[in-house]
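Welcome! Open the model in your viewer, keep the sequence panel beside it, and follow the stops below.

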Amino acid sequence: MAGFYVIILGISGTSWSDDSLEQKIRSEEKKLEQIKKEIEEKKKASKKTARQEQSLNAELKKLERQLQEQQKKIKTLNLRLRKTSAEMLDIRGGITRLSSQMDTRRDDLRQILNRSAVLSSSPPHRGSFTDPKILEVLSREVYIRSVVFEGFGTWQRLSSEKERTEHRLADLEGTYRGLSKEQSNLLRQKESVTKAGKQKRTLLSQVQKKKKAYQMEIRELESANPELARPLSE
């Protein structure tokens, strides 16, 4: 503070009395102390905003990591949903083809059974079992029964395959619903994280402006009062 007293003495001149000079020095010291106190308070406020800035930056980085993880999960879910949807589409096409084959087989059997009924309603042919006409009728009936039996067996196999395929489709539809629900939850979480990130960035901008304002005020006060920038031991 020696320089300060030299400045005061130089300004005061020799015409001042000792009492007035001492009063002037005390007044200037009081002003400097008030300015010094103000600077310290602004430095504390600046440090506080710096801590807030650091904390907000850390929170933003955490939110960004969460957002990246959610985007990665959503991308994986979208791929699984597309794959499941394509598989369901193929299975539905298979069910349609099986239904068509079953309808065709049923129509064939109906025609065969109708013909068999016509033959059965024909008047019986009298003669011995060695008669070619009797043998022809018997052979035709045996053939019809064989065709009907084989056709019905094919229809049953088609029906069983269709049932298995429908079960598979039901499982895939359940999987698709589960994936869709998970996707919806992730999208909501992503929206929440995005909103939180926006709020944090707005708050960070406000804190940075405050910090910059405090630092500017401190520089202005120190530059206007050079004595405050010197160590007290000088």
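In which helix is the place of Gln70? Select Gln70 and you will land in helix H2. Keep in mind as you look around that this is a predicted model.

**Stop 1: around Gln70**

Is Gln70 buried or exposed? Gln70 counts as buried because its relative accessibility is 9%, and the cut-off for buried is under 20%. Now show what touches this residue: setting aside neighbours within four places in sequence, Gln70 is in contact with Leu186, Gln189, Lys190 and Val193.

**Stop 2: along helix H2 to Lys47**

Stay in helix H2 and select Lys47, which lies there too. Lys47 has 56% relative accessibility and therefore counts as exposed, as the cut-off for that is over 50%.

**Stop 3**

**Stop 4: the whole chain**

Zoom out and colour by secondary structure. The protein chain has three helices and zero strands, so from the N terminus you will read α-α-α. Of its 234 residues, 22% are buried.

To finish, display contacts across the chain. Among those with a separation of 6 or more, 88% are between residues 24 or more positions apart.

Definitions and conventions
Residues are numbered from 1 along each chain as its sequence is written. This is a predicted model: local features need pLDDT of at least 70, side-chain atom pairs count only at pLDDT 80 or more; totals for chains, interfaces and linings use all residues. Side-chain values use heavy atoms; hydrogens and water are left out. Helices (H or I, at least four residues) and strands (E, at least two) are DSSP runs, numbered from the N terminus. Buried means under 20% relative accessible area, exposed over 50%, partly exposed in between (1.4 Å probe, protein chains only). Contact means heavy atoms within 4.5 Å.
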